[in-house]
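User: Could you walk me through a few local details of this model before I set anything up?
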Amino acid sequence: MVRIKPFRGMRPVPENISKVASPPYDVLSSEEARERAKGNPLSFLHVVKPEIDLDSSIDIHDPRVYKKGAENLKYLIEQGILVQDEKPCFYIYKLRMGDHEQVGLVAVASVEDYLRNKIKKHENTRLDKEEDRAKHIEALNAQTGPVFLTYHAKKKIDDLIKKGMEKNSVYNFTGDYDVKHTLYFVDDEILINNVIEEFSKIDALYIADGHHRSAAAARVREKRKAQNPSHSGEEEYNFFLSVIFPDTQMKILDYNRVVKDLRNMSVEEFLSKIKEKFEVKNHNKTMYHPSKMHTFGMYLDGQWYSLVTKENSFDSSDPIKQLDVSILQDNLLFPILGIENPRIDKRINFVGGIRGLKELERLVDSGEYRVAFSLYPTTIDQLMAVADAGKVMPPKSTWFEPKLASGVVIHMLD
């Protein structure tokens, strides 16, 4: 069983939601965030990326950055821009991007469940990023960015969520990429208890996005637990902000790769080596986006190619080895281009599928990168299979869209 519970959300008054809501902290660079927030003192970017209000020479992990974030959050509260709900409740968050719609429950999930692997992971975390998020939570005494969770869909939960959407929504606004964001407020105690009961029957939740945020919440909890002689396990620091979607509604886009050089090979030599593990076809100027697993697009010297993985070139029984990100890494990026660890290699970069294939062309045509690869998206079933096996995916395996906005609902730790 897993445990979730309602909480007293801190959130914008409705007339300010469009000004406050911002992209997540990790999808914009500091420079992009600084430009986006210019002229809008209410933007939540001032809270989640507070370095934008300091001199650009200051390191983003400097203590002054976290202090500034706390000051900016306090300002929004003191000015009445953000107001805390009077009693614990759930929220329902609907996202619509084009024809795709997904509806999730905003709740706080149990750190204890996370530590006991009832909330399953599929990625390794980096200590520096964990520390950054933990320091941000500590300084603000709040969790400002939700962890994106999923679960095997249940009709009873679907029906309860629909019931929670019978009231009028409290927010409707449009975010990046023309995504429609809608929030519903759920304070009916019978409905809340029914939702809690149905989630208690679920074997596990899965982290879709937010591994560093959940790990940071666990760090903060352990620290505060040690400092609290009256620790009961019910304090707010024992829980972390989450939005929980059924797996049937999840949308994963491709997470593409660009590489800066061909490792001193000619184009002909490079193509010859690729043909050892892939069937290669030249599509000239026609963009190639894979339509099925184990196929790849490649953009090189103004030409698009399709790469189809040859049989027996990977272990189809291994939940990691059969991922397309692994096939590309094991059969091309490492043996041919010498990229042993894509997590730290400076020669490779990653481009979320929301930016489209034109972004791959732009990066290569600019001369900054030499070759680009388009991938077929990892599926939610693959993600869950990896997590169930207790394994971790290669870095940059999934790009979830649409993204949740920051600043819509905040979890205060006191």
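User: Is Asn264 buried or exposed?

Analyst: This is a predicted model, and in it Asn264 counts as exposed, because its relative accessibility is 84% and the cut-off for that class is over 50%. Asn264 sits in the loop between strand S14 (255–259) and helix H10 (267–274).

User: What is the phi of Asn264?

Analyst: The phi of Asn264 is positive, about 70°, although the residue is not a glycine. As background, most residues other than glycine have a negative phi. Lys396 also has a positive phi, of about 55°, and is likewise not a glycine.

User: Where is Lys396 found?

Analyst: Lys396 is in the loop between helix H13 (380–388) and S20, and with a relative accessible area of 32% it is partly exposed.

User: Which residues does the cis peptide bond join?

Analyst: The cis bond joins Glu401 and Pro402, with omega at about -5°, and Pro402 belongs to the loop between strand S20 (399–400) and strand S21 (410–412). For context, most peptide bonds are trans.

User: Switching to helices, at what angle do H4 and H6 pack?

Analyst: Helix H4 (residues 63–78) packs against helix H6 (residues 127–140) at an angle of about 40°, and their axes are 8 Å apart. That is why H4 is described as oblique to H6, and the crossing of the two helices is right-handed.

User: Which residues meet there?

Analyst: From H4 the residues are Tyr66, Gly69, Ala70 and Leu73, and they meet Asp132, Lys135, His136, Ala139 and Leu140 of H6. Sorted by class, this contact of H4 with H6 holds 5 nonpolar, 2 polar and 2 charged residues.

User: What about Glu130, buried or exposed?

Analyst: Glu130, whose place is in helix H6, is buried, because its relative accessible area is 10% and the cut-off for buried is under 20%. Leaving aside residues up to four places away in sequence, Glu130 touches Thr125, His212, Ala215, Ala216 and Arg219.

User: And how many salt bridges are there?

Analyst: The count comes to 31 salt bridges. One of them is formed by Lys68 with Glu71, where the closest N and O atoms are 3.8 Å apart.

User: Where do Lys68 and Glu71 lie?

Analyst: Both Lys68 and Glu71 lie in helix H4, 3 residues apart, which is about one turn of the helix. Lys68 is partly exposed, with a relative accessible area of 23%, and Glu71 is partly exposed as well, at 38%.

User: What is the N to O distance for Asp330 and Lys321?

Analyst: The side chains of Asp330 and Lys321 meet in a salt bridge at 3.4 Å, N to O. Asp330 is partly exposed, with a relative accessible area of 34%, and Lys321 is also partly exposed, with a value of 38%.

User: Last one, what does Arg96 pair with?

Analyst: Arg96 forms a salt bridge with Glu101, and their closest N and O atoms are 3.1 Å apart. Arg96 counts as partly exposed at 34% relative accessibility, while Glu101 is partly exposed with a relative accessible area of 36%.

Key
Residues are numbered from 1 along each chain as its sequence is written. This is a predicted model: local features need pLDDT of at least 70, side-chain atom pairs count only at pLDDT 80 or more; totals for chains, interfaces and linings use all residues. Side-chain values use heavy atoms; hydrogens and water are left out. Axes are lines fitted to C-alpha atoms, for helices over the stretch in contact, and angles run from 0 to 180 degrees between N-to-C directions. Helices (H or I, at least four residues) and strands (E, at least two) are DSSP runs, numbered from the N terminus. Angles under 35 degrees count as roughly parallel, over 145 as roughly antiparallel, 65 to 115 as roughly perpendicular and the rest as oblique. A crossing is left-handed if the near helix is turned anticlockwise from the far one by less than a right angle, and right-handed if clockwise. Contact means heavy atoms within 4.5 Å. Ala, Val, Leu, Ile, Met, Phe, Trp, Tyr, Cys and Pro count as nonpolar, Asp, Glu, Lys and Arg as charged, and the others, Gly among them, as polar. A salt bridge is a side-chain nitrogen of Lys or Arg within 4 Å of a carboxyl oxygen of Asp or Glu. Buried means under 20% relative accessible area, exposed over 50%, partly exposed in between (1.4 Å probe, protein chains only).
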